[in-house]
Structure formats: C-alpha cells, structure tokens
Amino acid sequence: MSGINDDIKLIDENGIRIDGRKADEMRPLKIEAGVLKRADGSAYLEWGKNKVIAAVYGPRECHPRHMQDPAKAIVQCRYNMMSFSVSDRKRPGPDRRSIEISKIISEALEYVVFTENFPRTSIDVYIEVLQANAGTRVAGLTAASAALADAGIPMKDLVPAVAVGKADGHVVLDLNKEEDNFGSADLPMAMIPRTGEVLLMQMDGHLTMEEFDKGIEYAKKACQEIYEIQKDALRRRYADQGGSDETDDEFSSIDEEA
Ligand code: CDP
C-alpha cells in the first residue's frame, strides 16, 4: 500500500471493483492438500492470481539444539517469494518483509498446534509464493495450516486468514494488487471461526471505528468461507483417496523413474 492515488478509480459508481467484485466479495479460492510426496504435509493454494505452496516437516529434532524448548515444540516458518512471483524480479533470499511475515505466521500457527505434546522438537513450515497479487501473507497462512493438518499434526483448529481494506473510500474484502497499492488501508487478519479467536491482525493505513467494524464483519464471514474450503481440501485428500500418499498418478510415475 503506497497511499491514495486520485488518478486510479478502484470502484465504479455502482460499487463494483476493477476485477468485477462487490465490496464484500472474495476472490475465487482453491486449495489442494497433500500435493508433495516428500514432505510430511503440504497444500497448494490459488487465490485470485496468488499461487502459493506450503510444505511441513515434523515434529522432528530441533536444530540448532540451543533453540530446543524442553517443554514444547517450536514452529519455524519460512515465507519466501520466488524471484518470478512479482513483476520486478525479486532478489532471492530473505529480506525484512519476508522475515516479518515468517514471524507472524509462525506465531499464529504456534497458537493452534498442541506444541506441548512434542517437547524439544521443531515443526518446520515452508511457504513458497509462486505468484503474488496481494494478500500473500494470508494466503500463506491459510495454506500452511492446511498443510499442518495434512501432516497429521494435532491442532486446535485450522487457521483461515484474509485481508480487508479501504479503496476509494469503501471498505473492501480481500484486496487485489491495485487496491493494495492505491487503497488507503490494509488489514490482514486470521481468525478461528469456531471460537472467534483472532490469531493475526495487522494494520496499514487508516480506518474509522465504523469502517474497522465493517471490515471485521467482512473478514469474519470470509474466514468462515475459507475454513469450509480448507476442510473440504482435507476431506478430499483423506476421504476420496483413502489417505494414500499417491496424490497424483502422473507425477508419481515421474518420481519412480527419477
Ligand atoms: O502479500 P501481502 O499483501 O500479504 O503483503 P504486502 O507486503 O502488503 O505486499 C502486497 C503485494 O505487493 C504482494 O502480494 C505482491 O503482489 C507485491 N509485492 C511485490 O510486487 N514485490 C515485493 N518485493 C513484495 C510485494
């Protein structure tokens, strides 16, 4: 979000956004669980033009050892954007932004995992953004929690996440890239719909109290919707495929040859 730009019209006179959505409408979201054979758990997500993959290993022995916690597991998340995921080639490797996002996602996930069941271990979560179009931190967290569940790690619940914000004076759900760049507020959040617990909330820009409340209402409703899509992905993985590791016959035959 870089501030208000009067030249760009983000919402038309009928309240329709540049990608044709209404203010409280989410971009199409698809999640597939168990897409990688080598990881303990994984999920692939497409959310509008975002493409994100998450992989989980663990619980496994924590290295370096000085990071071990004798009372519980630690959740170590690495959020990474591919060089080709954005319009200007992104310099590979961690930067301030990815370190921040990795931290907030680790903290949200650590809250739901029953970490005390696995002392001295580490649960490693890798999030790779293949294509970015705003909202990648919430897409990453949504994919990562599905991947944790796919890995069979005991957790309180899944963590659906979404961003709300403000564009052309309207509160809008699930900002796209233009709204993120030229809008005047961005409020990513994660919430467990069952309990109403908020696991992530960040705020960039300004909202009045009324706008904030409206944004939270939009986000709550969307989190419920995302939660159902996450559960459906896991159901398809475990019910339809009988929990088999054979996620895709075409790919497994390539694997076997390798
Ligand atoms: O992705 P998210 O909205 O959670 O995080 P952000 O820091 O608000 O970034 C918004 C968007 O800016 C990303 O989703 C990318 O589409 C874009 N971006 C970029 O083009 N180049 C970067 N180095 C970082 C972000």
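In the hairpin formed by β6 and β7, D168 has a positive phi near 45 degrees, and two residues lie between the strands. The model is predicted. Besides this hairpin, the briefing covers the ligand and its surroundings.

**The hairpin**
- Strand β6 spans residues 161–167 and strand β7 spans residues 170–173.
- The two strands, β6 and β7, pair in the antiparallel sense, with four bridges between them.
- A167 has H170, in β7, as its bridge partner.

**The place of the ligand**
- The ligand takes up the space of the largest pocket.
- Residues around the ligand include M81, V86 and R97.
- A132, N133, A134, G135, T136 and R137 are also among the residues around the ligand.

**Make-up of the shell**
- Of the residues in the shell around the ligand, four are nonpolar, three are polar and five are charged.
- Two helices, α2 (136–150) and α3 (177–182), each supply at least two residues of this shell.

**Polar contacts and cover**
- In the side chain of R97, an N or O atom is 2.6 Å from an oxygen atom of the ligand.
- For G135, a polar backbone atom is 2.8 Å from an oxygen atom of the ligand.
- In the side chain of T136, an N or O atom is 2.5 Å from an oxygen atom of the ligand.
- On its own the ligand has 510 Å² of accessible area, and the protein covers 77% of that area.

Methods
Residues are numbered from 1 along each chain as its sequence is written. This is a predicted model: local features need pLDDT of at least 70, side-chain atom pairs count only at pLDDT 80 or more; totals for chains, interfaces and linings use all residues. Side-chain values use heavy atoms; hydrogens and water are left out. Two strands pair if DSSP finds at least two bridges between them. A residue is near a molecule or strand if one of its heavy atoms lies within 4 Å of it. A polar contact is a pair of N or O atoms within 3.5 Å; within protein, one must be able to donate a hydrogen and the other to accept it, and residues adjacent in sequence count only if both atoms are side-chain atoms. Accessible areas come from the Shrake-Rupley method with a 1.4 Å probe; for residues, only the protein chains shown count as cover. On a 1 Å grid over the protein atoms alone, a cavity is a set of points where a 1.4 Å probe fits but cannot get out, and a pocket is an open set with protein on both sides within 12 Å along at least five of seven lines; lining residues have an atom within 4 Å of a point. A molecule sits in a cavity or pocket if more than half of its atoms lie within 2 Å of its grid points. Ala, Val, Leu, Ile, Met, Phe, Trp, Tyr, Cys and Pro count as nonpolar, Asp, Glu, Lys and Arg as charged, and the others, Gly among them, as polar.
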